[in-house]
Amino acid sequence: MVVRAAAFEGCQVPLPKPVKIVGCGSCGVDYLASVAVYPKPDQKLRTDALEVQGGGNCANALTAAARLGLKPTIVTKIGGDGLGDGILSELHADGIDTSLVLRATGHPSPFTYIIVDREGALGAVGRACGSW
């Protein structure tokens, strides 16, 4: 039997007791820019759409765990900036404990800029990580 993602409504049977998991790793913000075609070197173009969403391998995995009913905690380091405030807000909204997140005052939070063409192919990925 094939289960389509749109048809999946989550786990219907609660866990007998809360399961706590801890993840240590990256979290940040992804900027996904949609373009008609991937640009050539030095070519200027307009984006069709820009989507901003949480990212980072650890944060993504813990978000999935929270949605499955687990009790995740993240151990990571982000900047002490407005972007970092947004990261914490999104993690809280997803049910992730952020009590072990370190904030680096005066440093930027990690983000990734990804260019996606209409065919769904990924273009250049620029990553800016905090400089601490």
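Does Phe 111 count as buried, partly exposed or exposed, and at what relative accessibility? At 30% relative accessibility, Phe 111 counts as partly exposed. Welcome to a quick tour of this predicted model, which has two helices and seven strands. Along the sequence, these elements follow the pattern β-β-β-α-β-α-β-β-β.

**The aromatic pair**
- The structure holds one aromatic pair, formed by Tyr 31 and Phe 111.
- Its geometry is edge-to-face, with 5.8 Å centre to centre and 80 degrees between the planes.
- Because Tyr 31 sits in strand 2 (residues 28-35) and Phe 111 in strand 6 (residues 111-117), the pair ties together parts that are 80 residues apart in sequence.

**The nonpolar core**
- The largest nonpolar core has 13 residues, and those with the most contacts inside it include Cys 27, Ile 74 and Leu 91.
- Helix 1 (57-67), strand 4 (71-79) and helix 2 (82-93) are the elements that give two or more residues to this core.
- Helix 1 gives the most, with four residues.
- Leaving aside neighbours within four places in sequence, Cys 27 is in contact with Gly 55, Gly 56, Ala 59, Ile 74, Thr 76, Ile 78, Ile 87, Leu 91 and Pro 110.

**The chain as a whole**
- Of the 132 residues, 29% count as buried.
- Among contacts with a separation of 6 or more, 65% come from residues 24 or more positions apart.
- The chain exposes about 8700 Å², and carbon and sulfur atoms supply 58% of that area.

Terms used. Residues numbered from 1 in each chain as written. Predicted model: local features only at pLDDT ≥ 70, side-chain atom pairs only at ≥ 80, totals over all residues. Heavy atoms only, no water. Core = buried A, V, L, I, M, F, W, Y, C linked by side-chain atoms within 4.5 Å. Buried < 20%, exposed > 50% of the residue type's maximum accessible area, 1.4 Å probe, protein only. Contact = heavy atoms within 4.5 Å. Phe/Tyr/Trp six-rings, centres within 6.5 Å; stacked < 30°, edge-to-face > 60°. Areas by Shrake-Rupley, 256 points an atom, 1.4 Å probe, with all protein chains shown as cover.
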